[in-house]
Amino acid sequence: QPFLDIYRVKVDNKIDTIGAPLALNKTINSKLHEGNFCFSSDGSAMYVYRSNFTNGKKEFNDQATNNIHLYKSTRVNGKWGQLEKLAFNKNGFSYQHPALSPDGKKLYFSSDIEGGYGSFDLYYVTIDVDGFMGEPVNLGATINTVNREHFPFISNKGHLFFASNGHLGLGMLDNFVSELENGNFTKPINLGAPINSQYDDFNLNYYNDEEGFFSSNRNKRSDDI
């Protein structure tokens, strides 16, 4: 606080311990917000949402708001390079919560760009073999509502997990899953208690097929993992 940075911890699976949090260096973290991020499957690329700025200066929209945009960093010789803004970002809108498909061919995210169903919708862009990204594609009315859809995550089986306060839930943001069937996402299913509560529950993602993490402000706390 007051600005978000990205941290790492070392995990020792042999003795099931987690080390002390360490902030990433200044090629990733800045004086502004760096928030949700994801990695390519080989660990060579990181996609990050951060406060919109160019050459170290904030960029504001017509309402004097500093939006959130998506950036990419490439790891070379064990070091992360400078974050580069993705080409499809447009000033005046926010792009948040990046998530790569397991094959690395689609980047999913949440955005309030014009033409959507509500305040924030889920979108994806395709990534070709040269790294070129197409234009954002809305996931449609099965997934998106007039309210907020955030924090997409694609499992190894291709299922879409996300948070929403627009689908039927237990209160505020809940975690949902939309299964992949014949190339399409099915009607979202609320994951229910104890994953969800009457408070904000969000950002569910797995690090293998059986175990994962999510965030919540249940018990009247700030957001915890």
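Student: Which residue lies over the face of Tyr124?

Tutor: Lys106 does, at 4.4 Å from the ring centre. A charge sits over a ring if NZ of Lys or CZ of Arg is within 6 Å of the ring centre and within 35 degrees of the ring normal. Arg50 lies over the face of Tyr71 in the same way of reading, 5.3 Å from the ring centre. Keep in mind that this is a predicted model, where local features need pLDDT of at least 70, side-chain atom pairs count only at pLDDT 80 or more, and totals for chains, interfaces and linings use all residues. Residues are numbered from 1 along each chain as its sequence is written, and side-chain values use heavy atoms, with hydrogens and water left out.

Student: How many aromatic pairs are there?

Tutor: Rings of Phe, Tyr and Trp (its six-membered ring) pair if their centres lie within 6.5 Å; planes under 30 degrees apart are stacked, over 60 edge-to-face, and the rest tilted. That rule gives 13 aromatic pairs here.

Student: Why is the pair of Phe151 and Phe202 tilted?

Tutor: Their planes are at 35 degrees, so the pair is tilted, with the ring centres 5.0 Å apart.

Student: What about Phe162 and Phe176?

Tutor: That pair is stacked, at 5.9 Å centre to centre and 20 degrees between the planes. Phe162 is buried, with a relative accessible area of 1%.

Technical notes. Buried means under 20% relative accessible area, exposed over 50%, partly exposed in between (1.4 Å probe, protein chains only).
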